[in-house]
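Hi,

Here is the structure I promised to pass on. Have a look at it first, and then read on for what turned up.

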Amino acid sequence: MSAPRQIVFLGPPGAGKGTQAKRLSHHFGLGVCSTGSLLRCEEQRDSPLAHEIHAYLKDGNFVPDALMLRMISTWLTDQGAEFVLDGFPRTLAQGKALDAFLEETGRSQAVAIWLDVTTSEVESRVSHREVCDRCGNVWPRDEAPKQCPDCQGPTGPRADDSVELFRSRLAEYEAKTLPLLPYYRQDHRLHEICGRGSPDEVFRRILTALDS
Ligand code: AMP
């Protein structure tokens with residue numbers, strides 16, 4: 001049986017969702033959407049929507065499901081039947097809405113990859129990382145280039161990686177995202193992947209799990 005090509009990534013902030021989602025999308029030649037990047041990009045505009053998004057992101061809170069669903073369904077509608085999602089769904093309501101959307105549009109149900117990383121590990125990663133503003137590439141701070149080698153975007157710390165905002169984001173994850181694990185597990189759509197180690201090691205675990 002071929003590996004599933006409708007894949008969503010779950011995990012706490014700093015687990016490596018973005019890095020692994022990008023790798024998987026290159027590996028299989030699939031479109032990838034990071035909802036965090038989508039929101040940060042929209043937030044740059046001068047519009048009522050940008051102000052609304054900013055009000056949530058500045059405090060490390062999730063944006064409301066209805067807003068997120070509007071944005072992701074536009075992306076999914078433009079996309080083929082196969083995709084990788086980084087950071088969506090993040091709530092049970094989003095998970096159920098995604099299933100309903102895929103069913104209505106005649107597509108296969110998604111499988112979820114949960115990157116399991118301890119709180120102390122993600123806290124340390126987030127406080128020592130820099131990212132590319134434009135494409136979201138991530139480096140440990142002492143290895144970060146001044147300019148992203150892939151897209152030439154500027155690099156630096158992410159505003160919401162401050163200790164305070166990281167803690168809010170983690171609290172949101174624990175309260176709202178963790179309930180998705182039993183939801184995907186109950187019908188055998190959850191791959192629980194140890195997120196410790198190098199990106200290469202984690203990626204190998206993901207490919208092995210998807211092949212099984
Ligand atoms: P990320 O880049 O995935 O860490 O996302 C950055 C921030 O965007 C998160 O901390 C949330 O505030 C918001 N966000 C991203 N994806 C979602 C989502 N699916 N639902 C609600 N808020 C989201």
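A residue counts as buried here if its relative accessible area is under 20%, and as exposed if that value is over 50%. Please keep in mind that this is a predicted model.

With that cut-off, let me start with strand S1, residues 6-10. Five of its five residues are buried, so the strand is largely enclosed by the rest of the structure. Gln6, Val8 and Leu10 point one way from S1, while Ile7 and Phe9 point the other way. S1 also has pairing partners. It runs parallel to strand S3 (residues 83-86), with four bridges between them, and in that pairing phenylalanine 9 has aspartate 86 as its bridge partner.

Helix H3, residues 48-57, has two sides worth looking at. Its buried residues are Ala50, Ile53 and Leu57. They lie on the same side of H3, because the arc they cover around the axis is only 65 degrees. The general rule behind such a pattern is that an α-helix has 3.6 residues a turn, so residues three or four places apart point the same way. Pro48 and His51, on the other side of H3, are exposed.

Now to the ligand. There are 16 residues around it, and the ones that come nearest are Thr35, Arg40, Asn61, Gly87 and Arg90. By class, this shell holds six nonpolar, five polar and five charged residues. Helix H2 (residues 35-43) gives the most to the shell, with four residues.

- Arginine 40 has a polar side-chain atom 2.9 Å from an oxygen atom of the ligand.
- Asparagine 61 has a polar backbone atom 2.7 Å from an oxygen atom of the ligand.
- Glutamine 94 has a polar side-chain atom 3.0 Å from a nitrogen atom of the ligand.

On its own the ligand has 480 Å² of accessible area, and the protein covers 96% of that.

Lastly, there is an open sheet of three strands in the order S6-S5-S7, with antiparallel pairing. Strand S6 (138-140) and strand S7 (155-156) are its edge strands, each pairing on one side only. Strand S5 (residues 129-132) is joined to S7 by two bridges, and cysteine 132 stands opposite threonine 155 of S7.

Happy to go through any of this with you.

Best wishes

Conventions: Residues are numbered from 1 along each chain as its sequence is written. This is a predicted model: local features need pLDDT of at least 70, side-chain atom pairs count only at pLDDT 80 or more; totals for chains, interfaces and linings use all residues. Side-chain values use heavy atoms; hydrogens and water are left out. A residue is near a molecule or strand if one of its heavy atoms lies within 4 Å of it. A polar contact is a pair of N or O atoms within 3.5 Å; within protein, one must be able to donate a hydrogen and the other to accept it, and residues adjacent in sequence count only if both atoms are side-chain atoms. Accessible areas come from the Shrake-Rupley method with a 1.4 Å probe; for residues, only the protein chains shown count as cover. Ala, Val, Leu, Ile, Met, Phe, Trp, Tyr, Cys and Pro count as nonpolar, Asp, Glu, Lys and Arg as charged, and the others, Gly among them, as polar. Two strands pair if DSSP finds at least two bridges between them. Buried means under 20% relative accessible area, exposed over 50%, partly exposed in between (1.4 Å probe, protein chains only). The arc is that of the directions from the helix axis to the C-beta atoms.
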